[in-house]
Amino acid sequence: MATRPNENWFQRFAETYGPKFRIDIGNPQMGESGTEVYNMYGVTNEGEVSLVGLSENGMYHIYNDQSIEIVAGQKAASTGVDIYITGKNGDVWITAEKNGKVRIRASQIVLDADKDLTLNAGNNLTINAGQKISIKANEVWTDGLLGNAVPKETSFGQRVFKGTFVGQDVIDKAFSSTEPKGECEDSDQGSGNSSDTSTQQKKEDDLFSAENTKLTGNETSGSFATGGAASGGALAE
Amino acid sequence: MIDESLVKSNFIGRDGFRWWIGQIPPLSTMGKQTKGNGWGNRYKVRIMGYHPANTVELKDEDLPWAICMLPTTSGTGGAELSTSIKLTQGDTVFGFFLDGDDAQLPVIMGCLGHTKYKVSGEIGPFKPFTGYSDYIKNNGARIVPTETNEKTSTSAKSPRLVSEKKADAIGGGPTGNERSFYSAIGETTQGASASRSKILDKISTALENFINKIETLNRDISFGIDGARRKIDIEIDKVTKSIADSMSGMVTGIVNTIFVEMAPILNQGLKLLYRLVYNLVLSATGNPVAAHLAGVAAQNAMVAPIKFLQNKIPTVANYIINSIASVIKGMLKSIVNNIANFVTCVADQFIGSLVNNVIGKMANTLKSAIDGIQKITQFFGGFSIKNLLNQNPLALFGGKSSPLSCGEKAEGVDAQVLKWVIGKGPKNAPGFQPEKIVDLANNAMSIVGTAKATISGVQEAVGAFDIYTSNIKNANFKSTLGKCYAGPPLTCGAPTISIFGGDGIGAAAVPIMGALVNDSVLGQTASIIGVKILNPGSGYTFPPFIEVLDNCNKGYGAQIRATLTPEGSIEDMYVVSEGEGYPVGEVVPYVVDRVKVIDGGRGYKETDKVIDNLGNEYRPKVFQGTIIGVDPINRTEIIDLPVLEVISDTGIGAFLKPVLDFPTQGPAQTQVDCITK
C-alpha cells in the first residue's frame, strides 16, 4: 500500500464500539478530501452506513445510505424559522438523482431571485393556479409550434403557409389553436408501452394514407378544390 | 497455617492484597449475564495460577464471576451517569480479589490491549482468541476486523474517504484491508443549470458513474463475490431511468428544431409547387386564370397533409421519450463488458448512438406524414430528418435559447461549478461540441456494411460505434471513427492541474511532486507538495477552483487553493492536502521559494523564529504583532512538503504555507508504465 511515509498515527484517537459505531479522530490516512479531522461512523446490521465528519480540506460530510430526517419546530413559535440553511458565499445545491423528485410544499412558496429565475423542463412545465396567473415584465415572449399561447404567426402551420395563396381563413381553421382532438389520444397512449403507441401510429397512418390517396385522385382528375378566400392575381414567388 | 487462617479476615486491605491476571472465557458460557437479564458488570474469568488451563478439570461455566471496577469518569449509573463496559471474550484482564486468599471474589481492574502480534486461533483457556461471537459479529464488509488496540496504522482500521474502486486498489482488491466509508464517494453529480446546453453533460455524467460502478462490480465478479451480476442489472436499470429522463430535453429539442427548420423549407416547397402546377396548366390550356386556380388548388391540397404533419409534433416527441428507455437499456447492456475505463470518446459515441436512434425513430414515426408532403419536398433533393439535424446540431442541447434583450449577457445565471464529485469537491466540466457528436453519429451510420448496425433489443439502428465491440479495449485498435481506447490506461503521467471558475481565464500550473513512496504493486508514487504557476491568468474576481487530474485515477487527496492579486491574477497556490498515490517518474529537488501568510496571527515579535520540519529557517516580518511576510534564510533542496512553525513566546494564530519552486528548471514529465507497475 503506497501510503505516505510521514503519516502521524500518534495523533490519532479512536473510540470504537464494536463493528457498528466508532469515533475516529485525527486519522492520518489519506482520503479524497485530505486526511481526517474526525469521523463518526455507524453501520446497520444490513451493512448500511452513516457518516458525519470533517476532512482536512475543511469539507464537512454527512452521508447516509437510507433516509435523513431533519425535523424542527415542533414546539417553536409558528411565525418563527424552523429550519435555516444558508450558503454564505457560494451556491446551494439540491439535487435528486435517478428516480428522485424535488418536492417543496407549503401554504405559500416564495422564490425570490435578486436577478434571474430560470425554469427548465426537459418535457413538460405545468403551471396550475386555482384563481389567477399573472405574468408581468417589460418584455414577455412566447415561442412554439403548437398551442393557444403560441403567436399565430409562429405556429408550424402558419409558418408553412405564410405567403402562399391558401386563404387565411382556411389556414386559421386548419391550424386553429384549439387542442387537437384525436391525435392526443395516441400521445396519451404513448405514456404506456411503445407497442401501444406503434399500433395507434399505424391506425393513424392508414387513415392518412386513405385521405392522401383521395386528395391525389382529385388532383389527377384536374378538379382542384379552390381555396376559400384565396386572393388571386400575383404569382407566388 | 490453620491459626493464621483463623485470624485473617480475608477482606480486601485488612490483611493482604492479592493481584491476579486471567482471561474472559467465551461469552456463551455466561448464561443470563449475556442475555440482558443478568446483573452487574460481571464476567467469568479464568485466572492464571488459580484455575487449570483446560475445560475438562474446570468448565468455563464453573469459573467465578468477576465484577468490573469502573474509573471515576465512567459513572456508576447513579443519576443516570454511566459508561458501558467494553470487555469481551478472550480479553486478558487483571485485578485483585476482594476476599484475599479465599480468591472467590475477583474484581477486574483493567485489561491488556490486543496487539498485532496476537494470534487469533482456537478458542480455549489462556489461548488468544477472537472477541467476536454470536453477540458481536462482523462480516468485514464495512469494518476490517483487526481486533487490536495500539497506535499503529493497522489498529482499529477505519474505512477511508475514497471510492470503493479506489479502496480496492489501495487495499489490493475487495477482500483487502481497505474499505470505502460510503459507496457514493467518487460519484459525480450534475448541478442544476440555467443553460439547457448541459443536457449532454448530464448524460455523460450518468454514464461515467455507471462505468465506474461497473468496473468495481466486474472486479467483484472476478473475485467471486456473490450478487455482483445482479447488482450490475440493478445499476443498468437505475442509470437507464436517469439517462432517459435527461434525454427528454434533448428529444423535445430535436423535434422542435427539426420542425422549425422544416417550416421554411415546406413554405418554399409550396411556392415551388404552385409555380410547377401553374406552368403545367398554363402550357396545357394557355389560360393563366385556370393555371393560377390550379396552382392555388395544389397548395390548398397540402393543408391536410401539413396539418397531419403538425399534429405529429407532440406525438413523435412523446413516442420517442416513452420508448427511449428500452434503447438505453439495450445500449448499456451492450457496452457493459467492453468499457474498462471511462474516456470522453465513450460518452461521444454513446450520445451519438442515441442521436442516431432518435433520428431513426423520428424518421419512422414521421414517414407517412413526410410521404404525404412529397409534392412539396420533391424540390429539395436532400430533404431528410437527418439533414435537418445536421444543419442545426445545437438541437442536441435542447434547441435554441430564448432571445436576448439588447445588452443582456448570454451567460445568464449559470454557476461556476456544474459538477461535484462526492467526497472530493468541484469538478471542471469542459462541455460538449454538438457538431462533433452529429458528425460522429453520421459517420457511424455511414460505415459500409454496418449502416443498419443494431444492438440486441433495439429496433432502430444506432450505428457502428466502437463501444459495442470488445475491440475498444485493444490499445492498437482504430476504427474509421478514429481512435477511442477504453481499456486500462497504458501510461500514467504525472498529475496535471485544472483551474476553472473564478470568472477569470488563462491561469496554468504544474504540480511539484514529492514524498516518494516505492510500492511493489503500484510502483513509485508521490504526493503533491507544491504547485508551480506557469501563467497567473487574469480577470479573476474570486479564487478559482483547482482540480488535480490523474489520468490513471490512482492518486487521491491532493487539495490546492489559490490566492489572488488585487488585479485579479493568481498570486499563489498552496497545498492544503498533499494527497498520495500519484504516479510519478522522477522527482527533482525543490526549494522553498517564498512563504504564503494565510493568517498573520497576533502578538508576534521581530525576534521570533520560523522553522520547518526539514531543517530550514525563515525570517518573519512583523508589523504591529502580525506576521506580514516570511523570507526563507536558507534554500535547502527538499523533496517533501515542509510544515512551517513559528517559535514564539507571545504570538498566536499564525498560519504559514510554503510556496515551492524549482531551483533551476522545470519538472521532468516522465510517463510511467501502468500495466507492468
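The exercises below work through disulfides, strand pairing and aromatic contacts in a predicted model.

**Exercise 1. Find how many disulfides the whole structure holds, and describe where each one lies and which hand it has.**

Step 1. A search over all chains returns two disulfides, and each can be examined in turn.

Step 2. B:C484 has a relative accessibility of 3% and so counts as buried.

Step 3. B:C492 and B:C552 form a disulfide as well, with a distance of 1.8 Å between their sulfur atoms. Here the torsion about the S-S bond is about -95 degrees, so this disulfide is left-handed. B:C492 lies in strand β10 of chain B and B:C552 in the loop between β14 (545–549) and β15 (556–564) of chain B, so that the pair ties together parts 60 residues apart in sequence. Both B:C492 and B:C552 are buried.

**Exercise 2. Decide whether B:C68 is in a disulfide or in none, and state whether B:C68 is buried or exposed.**

Step 1. For B:C68 the nearest cysteine sulfur is that of B:C111, at 9.3 Å, and B:C68 is in no disulfide.

Step 2. The relative accessible area of B:C68 is 11%, which is under the 20% limit, so B:C68 is buried.

Step 3. B:C111 is likewise in no disulfide, its nearest cysteine sulfur being that of B:C68. With a relative accessible area of 46%, B:C111 is partly exposed.

**Exercise 3. Work out the strand order of the open six-stranded sheet in chain B, and identify which strands stand at its edges.**

Step 1. The order of this open sheet is β2-β4-β6-β5-β1-β3 (chain B), and its pairing is mixed. β2 (42–44) and β3 (46–47) of chain B stand at the edges with a single partner strand each, so one side of each has no neighbour in the sheet.

Step 2. Strand β4 (residues 65–68) of chain B then runs parallel to strand β6 (residues 106–112) of chain B, with two bridges joining them. Within this pairing, B:V107 in β6(B) is the bridge partner of B:I67.

Step 3. Strand β5 (residues 92–97) of chain B pairs with β6(B) over six bridges in the antiparallel sense, and B:G95 stands opposite B:I108 in β6(B).

**Exercise 4. Describe how β15(B) is joined to β16 of chain B, and what the hairpin between them contains.**

Step 1. Eight bridges join β15(B) to strand β16 (residues 570–580) of chain B, and the two run antiparallel; B:A562 has B:M573 in β16(B) as its bridge partner.

Step 2. The hairpin has five residues between the strands, and B:G568 takes a positive phi near 95 degrees in it.

Step 3. β15(B) is mostly covered, because seven of its nine residues are buried, a state that requires under 20% relative accessible area.

**Exercise 5. Classify the ring pairs A:Y41 with B:F181 and A:Y63 with B:Y182.**

Step 1. The structure holds 16 aromatic pairs over all chains. The ring centres of A:Y41 and B:F181 are 4.8 Å apart and their planes lie at 65 degrees, so the pair is edge-to-face. This pair crosses between chains, from strand β3 (residues 36–43) of chain A to the loop between α2 (164–171) and β7 (188–190) of chain B. A:Y41, at 1% relative accessibility, counts as buried, and so does B:F181, at 2%.

Step 2. A:Y63 and B:Y182 form a stacked pair, at 4.7 Å centre to centre with 5 degrees between the planes. A:Y63 lies in strand β5 (residues 60–64) of chain A and B:Y182 in the loop between α2 and β7 of chain B, so this pair also joins two chains.

Methods
Residues numbered from 1 in each chain as written. Chains lettered and ligands numbered in written order. Predicted model: local features only at pLDDT ≥ 70, side-chain atom pairs only at ≥ 80, totals over all residues. Heavy atoms only, no water. Disulfide = S-S within 2.5 Å. Buried < 20%, exposed > 50% of the residue type's maximum accessible area, 1.4 Å probe, protein only. Helix = DSSP H or I, 4+ residues; strand = E, 2+ residues; numbered from the N terminus. Pairing = 2+ DSSP bridges. Phe/Tyr/Trp six-rings, centres within 6.5 Å; stacked < 30°, edge-to-face > 60°.
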